[in-house]
Amino acid sequence: MLFGLISYKDFYMKVNTMAEMQANGETPEILFWVGCAGSFDTRAQKITKAFATILDKAGLKFAILGKEEACTGDPARRAGNEFLFQMMAYNNIQILNGYQVKKIVTTCPHCFNTLKNEYADLGGNYEVIHHTTLLQQLIEEGRIKIKEDHELKGESVVYHDSCYLGRANQIYEAPRKVLENLQTELKEMKRCRSNGLCCGAGGAQMFKEDEPGNTRINLERTEEAIETNATVIASACPFCNTMLSDGIKLKEKETQVKVLDIAELIEQSII
């Protein structure tokens, strides 16, 4: 999907690859690491499109790796295949270091955690930032401006903490501050922040069959979100988005509750 052109329905945006920028003697401010979900999953592609639109409107000079980008190896390591993880990581690090990449932004907390905390042991040292943190910075710097009257103003929103963003990296405030800037009615589930409940996709569970049990984790988490009476569930992870969207479908609440990434909420609301 992402070979330098982001497309979705009638939306097209030319995004420079690192190879193209290097050939033109240019250096981006930041590399947008799209991730497997953001590249190949139809739903997550919308998040990619929204975030790329925001970066473009903010005037941020960014690039992607395009077809040179491969999986970070996170699912392989979580599933116990350390050899495969290191092979994938070394390959990515060689490419990143070859382009002398210094700063990376990602919309996926799994990619964020792996690039930030696990690549350094293998020779990959980068400043890695999650898109919610960057969005907060862009708003505070005035590089993106929220419309006075936007559709989400006053909407009741409940935020779901991603495990790799929250407990693993202690990022709780940035996504909430972004939502507050939208002037939404921010609600909290009974289990949130450091006590938040996993969506059920972590630890490579996204890619395997359910294990024996009485309740699906994503369904239990969805029920907690529905209990808040929020009309929007805000996520900051493509895996969480998938699991919560599935939960909403199973509960037959699709007409009452939307599941949207924070980037999508911002993209809908900026000038």
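Trainee: In which helix is H131 found?

Mentor: Please bear in mind that this is a predicted model. H131 belongs to helix α7, which covers residues 131-140.

Trainee: Is H131 buried or exposed?

Mentor: A residue counts as buried when its relative accessible area is under 20%. H131 has a relative accessible area of 0%, so it is buried.

Trainee: Which residues does H131 touch, leaving aside those up to four places away in sequence?

Mentor: H131 touches F51, V105, T106, T107, A236, D261 and A263.

Trainee: Where is T184 placed?

Mentor: T184 lies in the loop between α8 (173-181) and β8 (185-187). With a relative accessible area of 14%, T184 is buried. Leaving aside residues up to four places away in sequence, T184 touches L152, G154, E155, V157 and L179. One of these, V157, is 27 residues from T184 along the chain, and the C-alpha atoms of the two are separated by 6.5 Å.

Trainee: What should I understand by a nonpolar core?

Mentor: In soluble globular proteins, nonpolar side chains tend to be buried together. Here the largest nonpolar core has 63 residues, and the members that touch the most others are L96, L134, I144, I262 and I266. A second, separate core holds 10 residues, among them A225, I226, I233 and I248.

Trainee: Which residues does I262 touch, not counting those up to four places away in sequence?

Mentor: The contacts of I262 are T132, L135, Y159, P175, V178, L179, A234, S235 and A236.

Trainee: How many helices and strands are there in the protein chain?

Mentor: The chain contains 11 helices and 10 strands. Its radius of gyration is 18 Å, close to the 18 Å that the globule rule gives for 271 residues, so the chain is as compact as a globular protein of that length. Along the principal axes, the C-alpha atoms fill a box of roughly 50 × 50 × 35 Å.

Trainee: What do the totals for the chain show?

Mentor: Of the 271 residues, 54% are buried. Among contacts with a separation of 6 or more, 78% are between residues 24 or more positions apart. The chain exposes about 12700 Å², of which carbon and sulfur atoms supply 47%.

Trainee: How many positive and negative side chains are there?

Mentor: There are 31 positive and 37 negative side chains, and the centres of the two sets lie 1 Å apart.

Methods:
Residues numbered from 1 in each chain as written. Predicted model: local features only at pLDDT ≥ 70, side-chain atom pairs only at ≥ 80, totals over all residues. Heavy atoms only, no water. Helix = DSSP H or I, 4+ residues; strand = E, 2+ residues; numbered from the N terminus. Rg over C-alpha atoms; globule rule 2.2 N^0.38 Å. Buried < 20%, exposed > 50% of the residue type's maximum accessible area, 1.4 Å probe, protein only. Contact = heavy atoms within 4.5 Å. Areas by Shrake-Rupley, 256 points an atom, 1.4 Å probe, with all protein chains shown as cover. Lys, Arg positive; Asp, Glu negative; His and termini not counted. Charge placed at Lys NZ, Arg CZ, Asp CG, Glu CD. Core = buried A, V, L, I, M, F, W, Y, C linked by side-chain atoms within 4.5 Å.
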